Amino acid sequence: MLVDLPLNKVVVPGGDILTRTDGGHIGTPNLFFNPHLWSQAYEHQKQCGFVFTPRQHVGLVALAARIVFYESFEVTMDIQAERAAKVSDIVKNDWVEIAQKENLCNEKCAAALTTNRQSPLVTFNEMDSIKFPDEWLSLDPTIKQRFIGDLKNFLPSGLEASVHKAVLNTMGHLASLVQMLEKAGTFVTNETLLERDLQKSVRQHLESREVPVAEGSKMGGGETDLVLYENIVVENKVWNKTSDPFQNPTTVSWQARRYALSLCSNVAFVIVAYRPDNETSLLPLPERVRVLSLPDVSEERCEVRFVIPWGTGVPSSAKGP
């Protein structure tokens with residue numbers, strides 16, 4: 001197998017375009033744009049490479065390429081791309097099934113390669129992975145299926161592949177944050193809690209897990225709290241006493257939506273630190289996250305909200321309602 005990535009020497013000189021008028025005059029047309037700049041854009045973007053292999057191996061190389069592209073970048077090529085590469089209809093679905101059985105690709109990859117690949121969006125399905133803490137899964141074995149179902153319900157068209165992956169990863173990282181703060185009792189003795197202190201704890205935890213985090217990014221005429229993976233907004237808010245930290249929608253929901261609009265993202269994350277009214281408002285860990293809809297908006301959009309109690313006092317001070 002040979003891989004050739006040649007330098008792109010294709011140039012389209014804009015001045016070489018000629019037209020003939022109704023009166024028979026030949027000349028350079030008024031194209032209402034700069035042909036030279038358009039030719040430069042073509043030259044810089046229309047880069048292509050070639051893969052050569054004996055004819056009898058073309059199908060296997062095409063299948064291997066699809067697996068590598070999906071598992072490395074979560075990218076599947078559409079039908080037009082396969083036609084351009086002269087490999088349309090050459091890879092059969094049963095080949096992909098065999099590759100999965102032989103552990104050459106995972107279940108999610110096999111599903112992506114055998115479904116309709118006309119859409120560049122990735123929909124949520126039961127094979128998606130959310131890394132909830134093991135303790136959460138033991139308390140609520142259905143938590144993953146429930147959240148995937150909610151995401152699929154609110155975002156039926158799916159998300160661009162990189163955003164889809166970032167959303168799933170962010171849910172796992174923030175779940176681990178909630179777990180860590182509860183075990184450490186980080187905010188239980190606080191009489192007050194400032195948003196900047198909450199945000200500092202969130203950022204430090206994410207950075208400890210090597211999550212790319214940007215703080216205070218300027219966008220949409222404002223300044224976000226945190227942005228993960230360059231396209232996931234995480235807004236942080238501190239509430240005083242409440243019995244319902246999942247009241248929906250709230251001002252923070254609309255704020256998160258505004259920032260998400262700037263990033264062309266249909267999902268926004270919100271972390272609410274709330275002071276429970278009483279012991280019954282102190283939710284079990286698996287119940288401290290929900291996917292919420294945003295009513296009265298035309299687009300497919302949702303909010304993923306994590307809630308963190310604060311000012312609850314140490315366990316020995318607990319009293320019934």
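In this predicted model, Phe52 is partly exposed, with a relative accessible area of 44%. Phe50 is likewise partly exposed, at a relative accessible area of 38%.

A pair of aromatic rings is described by the distance of the centres and the angle of the planes. A search of the whole structure finds three aromatic pairs. One of them joins Phe50 and Phe52, whose ring centres lie 6.2 Å apart with 20° between the planes, so this pair is stacked, given that planes under 30 degrees apart count as stacked. Phe132 and Trp136 also form a stacked aromatic pair, with a centre-to-centre distance of 6.0 Å and an angle of 20° between the planes. The geometry of these two pairs is set out below.

| Pair | Centre to centre | Angle between planes |
|---|---|---|
| Phe50 and Phe52 | 6.2 Å | 20° |
| Phe132 and Trp136 | 6.0 Å | 20° |

The report now turns to a helix. Helix α8 comprises 24 residues, covering residues 161-184, and at 1.5 Å a residue it should span 34 Å, which agrees with the 35 Å that separates its end C-alpha atoms. Of the 24 residues of α8, 17 are buried, so the helix is largely enclosed by the rest of the structure. Just after α8 comes Gly185, which takes a positive phi of about 60°.

Technical notes: Residues are numbered from 1 along each chain as its sequence is written. This is a predicted model: local features need pLDDT of at least 70, side-chain atom pairs count only at pLDDT 80 or more; totals for chains, interfaces and linings use all residues. Side-chain values use heavy atoms; hydrogens and water are left out. Rings of Phe, Tyr and Trp (its six-membered ring) pair if their centres lie within 6.5 Å; planes under 30 degrees apart count as stacked, over 60 as edge-to-face and the rest as tilted. Buried means under 20% relative accessible area, exposed over 50%, partly exposed in between (1.4 Å probe, protein chains only). Helices (H or I, at least four residues) and strands (E, at least two) are DSSP runs, numbered from the N terminus. The expected span of a helix is 1.5 Å times one less than its number of residues.
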